[in-house]
Amino acid sequence: MTDIERLRHSASHVLATAILKIWPEAQFAAGPPVENGFYYDVDLPHRISPDDFEKIEAEMKKEIKANHPFERMEVSRDEALELGKKGRLAALSERDQPSKYKIDIIENIPADEKISLYRSGDFVDLCAGPHVMRTGNIGAFKLTNVASAYYKGDEKNPQLQRIYGTAFKTKKELDDYFAMLEQAKKRDHRKLGKELEIYVIDDDVGPGLPMWLPRGGAIIDELEKLARETEFAAGYQRVRTPHIARKKLYEKSGHLPYYADSMFPEMVVLEDKERQRHDEISAEFERIRTSEPPGALGKMLSLLQEQISLGEPYHLKAMNCPHHHKLFAAVPRSYRDLPLRLAEYGTCYRYEQSGELFGLMRVRSMQMNDAHIYCTPEQFEAEFNAVNEMYLKYFKLFGIDKYLMRFSTHDPSKLGQKFVDEPELWKKTEEMTRRVLKDSGINYVEVPNEAAFYGPKIDVQAWSAIGREFSIATNQVDFAQPRRFDLRYKDRDNIDKIPLCIHRAPLGTHERFIGFLIEHYAGNFPLWLSPEQVRILTIGDDPKLIDYARSILRELRAHQVRAEIDESSDKINGKIQRAEQMKVHTMFVIGKRDMDANAVSVRVHGKGNLGPKPRSEVIADILQSIKERRA
Ligand SMILES: [Zn+2]
Ligand SMILES: [Zn+2]
């Protein structure tokens with residue numbers, strides 16, 4: 001847990017305390033920190049509404065003012081259960097009703113794991129921690145929302161009330177956060193994405209499957225060009241892989257069965273011979289059904305069984321790694337080929353529950369700025385450092401001043417269970433990763449016990465221009481998959497060795513990254529990224545003037561500038577207004593005087609009229625700005 005998560009989670013204990021002061025019968029389930037805040041799930045006959053928040057917040061303030069220490073107590077399983085039976089968990093005192101959710105949670109704690117309780121004031125809760133030192137460390141908080149949620153997310157379980165809040169170290173940070181939310185509403189990528197004709201989600205195509213209109217397509221082209229150039233210079237090679245694969249590929253990678261819930265269901269494909277057999281079975285089935293006595297049921301069932309077993313299951317690709325591993329394995333590799341950096345803007349499909357879908361942020365199809373770097377352990381540090389430098393370069397380019405790398409490491413006591421049993425590799429790669437992060441002065445936090453199964457990982461969070469937080473990318477070190485795929489290279493001593501693999505995606509997915517950029521720039525993209533870079537607006541419709549304007553359009557397009565022309569007979573103010581509405585970056589306003597001087601009058605969105613300038617000078621400047629990807 002990061003410091004702010006620790007503070008917010010502590011606030012959830014205070015929230016539960018306050019609710020119990022008002023409704024002593026309340027039963028609590030889980031109360032974790034979440035992005036931007038915390039919640040606590042409560043089972044209570046009274047339906048809590050935002051009208052209750054003031055009352056609850058007043059009780060919370062008292063608890064914070066009392067400045068109770070958070071005291072940790074380790075107990076045995078039996079002691080914990082005994083307290084649960086007396087209703088003493090997530091409670092202020094013993095009660096008539098047992099703490100049923102806490103008892104269920106205790107029963108699901110693995111036998112070898114310690115059980116801890118935390119006390120703050122009268123409130124005692126079952127919790128692994130950690131917390132802040134005292135309730136008074138929670139500087140400022142606010143309850144934000146109440147929703148319903150099934151216990152453990154399973155609709156067969158009771159429905160609980162989920163009370164959301166947020167907390168910060170200081171009142172100022174809290175105020176800034178709510179001011180930012182106001183701004184964020186105006187910049188919402190779903191709103192701007194529609195107004196600026198960037199993307200659309202169509203019900204006939206399906207939920208969570210965004211389609212990019214030409215303006216979105218233009219942004220994608222620029223991002224891919226950026227990635228292609230940057231990766232080429234860094235020694236990456238581009239590959240292409242299909243969108244589907246046989247199920248057995250994902251069994252080999254280990255994604256199935258663990259990842260099955262996040263994948264689209266399998267589809268069974270019949271090859272020619274199987275299709276033929278399928279039709280034969282149907283015909284035979286029909287013959288038996290219509291001609292023989294009912295005693296042939298057994299035969300019919302066995303035919304059906306055979307028919308069902310025909311064919312080969314396939315899945316839509318949920319991640320690019322297995323395909324890339326196959327490309328590594330396709331050619332004999334030696335240490336001279338390493339590091340091998342395979343890159344692809346790969347399209348992946350993931351099954352997200354419909355309730356989880358959200359604009360471009362949570363989708364079911366995504367194009368990922370993916371690459372897999374295969375290297376020797378000796379090369380790892382330099383490779384990982386280069387990946388980080390690429391991140392920093394991108395952050396600078398997009399004006400991302402605030403970011404955080406969240407470095408998740410393993411817990412040695414859980415080797416072989418939660419983490420692949422390679423103590424040496426864990427130690428070595430974590431040490432190297434930590435060293436690179438430290439030496440490069442990157443802003444990072446280390447979070448123990450949250451690594452991926454097969455290696456340490458780094459999640460990258462970035463804050464937009466108005467301070468809204470986005471998770472944009474993940475890097476992973478992987479020493480399990482290369483083994484599962486039996487990837488090898490011949491080392492100097494001619495012995496087969498297994499490479500390490502780094503998964504990296506600095507620009508995340510187009511969906512999430514463009515969603516971020518829309519809000520970051522409030523739709524006012526820099527020239528190089530602007531879907532419509534230049535619009536030419538003619539004053540009047542004199543044929544000579546139109547010819548002049550069209551010659552400029554041709555010149556711009558010949559230089560790959562995304563330019564359009566508005567030669568309608570509308571008044572110039574109307575034309576300007578339309579272009580401003582679409583946040584076109586630069587407008588060339590052209591009247592007779594401009595034409596006679598071989599000039600254009602330049603207007604830049606957000607900056608207004610910059611006056612007439614020679615045509616060649618303006619165009620040269622635009623080309624230079626695009627080339628340099630100026631902010
Ligand atoms: Zn806790
Ligand atoms: Zn991967």
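In what order do the 3 strands of the open sheet stand, and is their pairing parallel or antiparallel? The order is E4-E5-E6, and the pairing is antiparallel. Here two strands pair if DSSP finds at least two bridges between them, while helices (H or I, at least four residues) and strands (E, at least two) are DSSP runs numbered from the N terminus. The model is predicted: local features need pLDDT of at least 70, side-chain atom pairs count only at pLDDT 80 or more, and totals for chains, interfaces and linings use all residues. Residues are numbered from 1 along each chain as its sequence is written, and chains are lettered from A and ligands numbered from 1 in the order in which they are written.

The chain as a whole comes next. It contains 19 helices and 28 strands, and its C-alpha trace spans about 95 × 80 × 70 Å along the principal axes. Of its 631 residues, 35% are buried. A residue is called buried if 20 or more other C-beta atoms lie within 10 Å of its own, exposed if 12 or fewer, and partly exposed in between, with C-beta atoms placed from the backbone. Two residues are in contact if their C-beta atoms, placed from the backbone, lie within 7 Å. Among contacts in the chain with a separation of 6 or more, 70% are between residues 24 or more positions apart.

E4 pairs with strand E5 (residues 115–120) over 5 bridges in the antiparallel sense. Arg72 has Tyr118 in E5 as its bridge partner. Helix H1 (residues 3–22) lies across E5 and E6 and runs at about 125 degrees to E6. For such angles, axes are lines fitted to C-alpha atoms, for helices over the stretch in contact, and angles run from 0 to 180 degrees between N-to-C directions.

Helix H3 has buried residues Ala80, Leu83 and Gly84. They cover an arc of only 105 degrees around the axis, so they are on the same side of H3; the arc is that of the directions from the helix axis to the C-beta atoms. Asp78 and Glu82, on the other side of H3, are exposed. The cover over the buried residues of H3 includes E4, H4, E5 and E6. Just after H3, Gly87 has a positive phi of about 70 degrees. Ala90, in the loop between helix H3 (77–85) and helix H4 (100–107), has a phi near 50 degrees, a positive value in a residue other than glycine. Ala90 is buried, with 27 other C-beta atoms within 10 Å.

Which residues touch the most other members of the largest nonpolar core? They are Tyr374, Ile472, Leu500 and Ile502, in a core of 61 residues. A nonpolar core is a set of buried Ala, Val, Leu, Ile, Met, Phe, Trp, Tyr and Cys residues joined through C-beta atoms within 7 Å. Leaving aside neighbours within four places in sequence, Leu500 is in contact with Cys375, Pro377, Phe380, Val477, Phe479 and Pro482. A second, separate core has 40 residues, including Leu20, Ala29, Tyr39 and Phe70.

Strand E24 (residues 534–538) and E25 run parallel and are joined by 4 bridges, with Val534 opposite Ala563 in E25. Gln560 lies in the loop between helix H16 (543–558) and strand E25 (563–566). Gln560 is not a glycine, yet its phi is positive, about 70 degrees. Gln560 counts as exposed, with 10 C-beta neighbours inside 10 Å.
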